[in-house]
Amino acid sequence: MIFKHKERNLPEHTEGLQIPLFGYELLREEVLPDLLGKDHNVILYWAGKSLARKYPLSSIDELIAFFDKAGWGNLVLVKEKKTEAIFELTSHLFDQKKSFSAPLEAGFIAEQIQYMQGFITEANEISKIGKLKKVVFHVKWDLEDRVTTY
């Protein structure tokens, strides 16, 4: 297994098992917003950061592979500069939606890049509806604000 949980390993027998898309959609689109209320996007962002701390990755390639393995979609690094990066996420999950967001994924990316770069990092997401529906993540880190613990 490529991705090891920092505190415990996931059982190997779950490898290859799949959850029906309808079940995933119910949880993500109906249950979580009802449970978390109007602040569900903010809570999911911080949940993504927490999840990233449990599955620390050491490279962009590992981050991309994690997204694929988690079924979150196809993540691509579009541009990288000294203090920022742009990622695009495409997924069949967006195909039938009029609106969609990915705050859990944004938080996950922010925390992973923070871990890799060593600087406080945030990610903003923008949904783009065009020929291909996608979420664009604009990730920025602050070279003046080094992370002191990991």
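## Asp39 and Lys38

Asp39 is partly exposed, with a relative accessibility of 39%; buried stands for under 20% relative accessible area, exposed for over 50%, and partly exposed for the range in between (1.4 Å probe, protein chains only). Its side chain meets that of Lys38 in a salt bridge at 3.9 Å, N to O, where a salt bridge is a side-chain nitrogen of Lys or Arg within 4 Å of a carboxyl oxygen of Asp or Glu. Lys38 counts as exposed at 77% relative accessibility.

This is a predicted model, in which local features need pLDDT of at least 70 and side-chain atom pairs count only at pLDDT 80 or more, while totals for chains, interfaces and linings use all residues. Residues are numbered from 1 along each chain as its sequence is written, and side-chain values use heavy atoms, with hydrogens and water left out.

## Salt-bridge network

The whole structure contains 4 salt bridges. Lys49, Arg53 and Glu111 are linked in a network of them. Glu111 and Lys49 meet at 2.9 Å, N to O. Because Glu111 lies in helix 4 and Lys49 in helix 2 (residues 40-54), this pair ties together parts 62 residues apart in sequence. Helices (H or I, at least four residues) and strands (E, at least two) are DSSP runs, numbered from the N terminus.

Arg53 also forms a salt bridge with Glu111, with the closest N and O atoms 3.3 Å apart. Here too helix 2 is linked to helix 4, the two residues being 58 residues apart. Glu111 is buried at 4% relative accessible area, and Lys49 is buried at 5%. Arg53 is partly exposed at 36%.

## Aromatic cluster

The structure has 7 aromatic pairs. Rings of Phe, Tyr and Trp (its six-membered ring) pair if their centres lie within 6.5 Å; planes under 30 degrees apart are stacked, over 60 edge-to-face, and the rest tilted. Phe66 and Trp72 are edge-to-face, at 5.7 Å centre to centre and 65° between the planes. Both residues are buried. Phe66 and Phe108 are stacked, at 4.6 Å and 25°. Phe66 belongs to helix 3 (residues 60-70) and Phe108 to helix 4 (residues 103-117), so the pair joins parts 42 residues apart in sequence.

Relative accessibility is 8% for Phe66 and 0% for Phe108. Tyr55, Phe66, Phe67, Trp72 and Phe108 form one aromatic cluster.

## Overall fold

The protein has 4 helices and 4 strands, in the order α-α-α-β-β-α-β-β along the sequence. Of its 150 residues, 35% are buried.
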